[in-house]
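Welcome! Here is a short briefing to read alongside the sequence and the 3D view.

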Amino acid sequence: MPGPFAASPGVPAPAFGPVARLDGYRAGRPPKKSHAGVIVLVSVLGAIVLVVGGLAALGAAVHKDKRVDAASTTPPTYSSIFRETPPTRYTTESSTSTTTTSTTREIRETTSGSEPASEAPPAPRGPRPVKETARNPLFASADAGLQNVACPLSRWSSDRAGAERFFQSGIRCLNTVWAPVLGDAGLPFESPNLVVAQSGQMQSPCSSSGDNFAAYYCPTNETIYMPMDKLQIEEYGAHPGIYLAVLAHEYGHHVQNLSGVEEAMSEQRYDAGADSDAGLELSRRLELQAQCFSGMFLGASSAAGGSIDRNIYNEAWNSEDRGDHGGGPRDHGTDEHSASWWRQGATKNRAQQCNTWAANSTDVA
């Protein structure tokens with residue numbers, strides 16, 4: 001049955017948060033060398049010179065012959081830390097995904113002896129992610145939700161170029177409504193990258209979850225991957241609400257990455273064991289939260305008079321039974337929970353209502 005077309009509640013329009021990339025820290029200024037020992041040594045030698053006279057002169061001559069000029073010593077060694085910045089733009093002009101990469105090296109210098117060549121820069125400014133799950137600032141306010149903003153989508157087309165235009169327009173709409181939520185929570189915001197490839201056999205810094213995926217998000221390069229041969233276009237046909245909900249789910253992972261939720265979960269899952277019962281439950285909480293975030297976007301946008309109308313909303317509502325199937329790991333949740341968390345976001349439109357980390361284990365099974 002079609003889902004109820006109840007307008008998802010909007011929120012007062014807050015100011016957009018600042019756009020911030022996360023810069024690393026450079027090493028601080030090393031302590032200066034103390035010369036007190038040298039001064040004491042010179043004073044003692046001076047006294048010896050006054051006492052022993054000629055013997056001191058002879059000792060000075062020998063010392064001069066053996067003295068090494070400071071200018072010829074090896075300079076202080078510097079250690080460099082290289083951070084590779086992810087590519088910022090991906091092109092998909094050909095039938096297969098083409099990636100244009102640019103790598104930036106950040107060099108952090110420390111000395112083992114003397115002063116560095118230049119002063120240390122100030123500490124990074126701007127919002128930073130918070131490595132927390134249930135207590136993340138994203139869920140602090142009970143009123144934090146997406147604005148009811150009209151979304152102008154490009155027309156869906158089942159060819160790769162048309163699909164790419166559709167997904168790019170969807171990302172612009174997602175940016176518009178998620179940026180204020182992250183900004184108000186004191187968290188950073190930036191748009192994700194997008195790759196629309198013909199085949200799921202594409203290269204990325206992240207490994208995919210095997211053949212059983214429609215799309216995926218890679219936090220390493222902040223990129224959403226939408227392979228045409230995985231979207232089941234031959235099954236779903238020209239029903240853009242289904243594909244838009246998939247995009248909004250992957251964008252939800254981007255929100256988790258920006259906020260620090262994803263990093264906190266990854267560390268917890270590593271400590272618990274990725275395939276342990278506790279590790280798989282953490283994965284389900286992450287995936288079901290992305291479902292809830294997807295519902296928030298479709299619900300909030302459907303009441304604003306743009307391209308996301310009742311038909312697109314109902315297409316999405318009826319296609320969210322995307323839980324675990326077959327004999328694979330239980331890392332996404334049941335069909336029932338996949339649909340119920342999506343609908344929770346669609347009807348409540350509050351980030352706090354999507355806090356799967358605070359939910360009972362029975363609600364994320």
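Where is P188 found? P188 lies in the loop between α3 (160-184) and β3 (193-197). This is a predicted model, in which local features need pLDDT of at least 70 and side-chain atom pairs count only at pLDDT 80 or more, while totals for chains, interfaces and linings use all residues. Residues are numbered from 1 along each chain as its sequence is written, and side-chain values use heavy atoms, with hydrogens and water left out.

**The whole protein**
- The protein has nine helices and five strands; helices (H or I, at least four residues) and strands (E, at least two) are DSSP runs, numbered from the N terminus.
- Along the sequence, the pattern reads α-α-β-β-α-β-β-β-α-α-α-α-α-α.
- Of the 365 residues, 42% are buried, meaning under 20% relative accessible area with a 1.4 Å probe, protein chains only.

**Around P188**
- P188 is buried, with a relative accessible area of 2%.
- P188 and L258 are 70 residues apart in sequence, yet their C-alpha atoms are 6.2 Å apart in space.

**Strand β5 and its partners**
- Five of the five residues of β5 (residues 223-227) are buried, so this strand is largely enclosed by the rest of the structure.
- T223, Y225 and P227 point one way from β5, and I224 and M226 point the other way.
- β3 and β5 run parallel and are joined by five bridges (two strands pair if DSSP finds at least two bridges between them); N193 has T223 as its bridge partner in β5.
- β4 (residues 216-218) runs antiparallel to β5, with three bridges, and Y217 is partnered with I224.
- β4 and β5 form a hairpin with four residues between them, and E222 in the turn has a positive phi of about 55°.

Conventions:
Buried means under 20% relative accessible area, exposed over 50%, partly exposed in between (1.4 Å probe, protein chains only).
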